[in-house]
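Here is a short report for a reader meeting this structure for the first time. Please look at the sequence and the model before reading on.

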Amino acid sequence: PSAAFSPGVGWWYNWAREGDDAGPAIEFVPMAWDESSVNATFESGGAFLLGFNEPNFKAQANLTAEQAATHWRTLEANPATRDLPLVSPAVNFCGPEADCNGTDPYDYLRSFFAACSGCRVDFVAVHWYNCDLASLRDYLEPGGGLEGFEQFGKPIWLTELGVPAVDKGTNQPSVFPDPKSSESGVPHFSNGARDDLIQRRA
């Protein structure tokens, strides 16, 4: 992102250890995308480090909660991360079960924290693909139909949010046409056409 975004955008990330040459106007937050990054160096000047990207998805970082905990200890020991607040592995609901290292993000993080007792995790990162504030609040906070991420007692970072601009996008919010992705698809009962009522996604 360019400096033109700086009045409204405070930080950004690109699922990588280094950003492009966006300049200092917008803070870049590096990510340790999977276990291959735990001993890496990260862009200097970062104030935070994002953890593994959707490790409960086999098509993403693909780590069981126990594997993520083991690699997290290595990440913590990396001198490049010593002074950085660490943001947990980012999770979301996953399905179908065969494509997942656990379908429930709450269960995944509970298992991760149990296997990583005493680990340094300063924030919890979550992803959410749905279209209304009530369901987002239910996802994050306890007391509704979902358990909420507040149970982990850490500040929450919502690092992916959106609804696809495609017909019937709300039927399956995490599925959308993307010709550059191996996960490209259309939601249930969708004809794949653009839906002008849902024009953008985060």
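The report covers the overall build, the surface and the disulfides.

## Overall build

This is a predicted model. The protein chain has three helices and six strands. Read from the N terminus, the elements follow the order β-β-β-α-β-α-β-α-β.

Contacts also reach along the chain. Take those between residues at least 6 apart in sequence: 59% of them join residues at least 24 apart.

## Surface and interior

The protein chain holds 202 residues, and 43% of them are buried. Its accessible surface comes to about 10500 Å². Carbon and sulfur atoms account for 51% of that surface.

## Disulfides

A disulfide is a covalent bond between the sulfur atoms of two cysteines. The count here is two disulfides. With the bonded cysteines numbered in sequence order, the pairing reads 1-2, 3-4.

The link of Cys94 and Cys100 is left-handed, at -90 degrees about the S-S bond. Are its two ends buried or exposed? Cys94 has a relative accessible area of 9%, and Cys100 has 7%. Buried means under 20%, so Cys94 is buried and so is Cys100.

Another disulfide joins Cys116 to Cys119, with an S to S distance of 1.9 Å. The link of Cys116 and Cys119 is left-handed, at -75 degrees about the S-S bond. Both Cys116 and Cys119 are buried.

Key. Residues are numbered from 1 along each chain as its sequence is written. This is a predicted model: local features need pLDDT of at least 70, side-chain atom pairs count only at pLDDT 80 or more; totals for chains, interfaces and linings use all residues. Side-chain values use heavy atoms; hydrogens and water are left out. A disulfide is a pair of cysteine sulfur atoms within 2.5 Å. Buried means under 20% relative accessible area, exposed over 50%, partly exposed in between (1.4 Å probe, protein chains only). Helices (H or I, at least four residues) and strands (E, at least two) are DSSP runs, numbered from the N terminus. Contact means heavy atoms within 4.5 Å. Accessible areas come from the Shrake-Rupley method with a 1.4 Å probe; for residues, only the protein chains shown count as cover.
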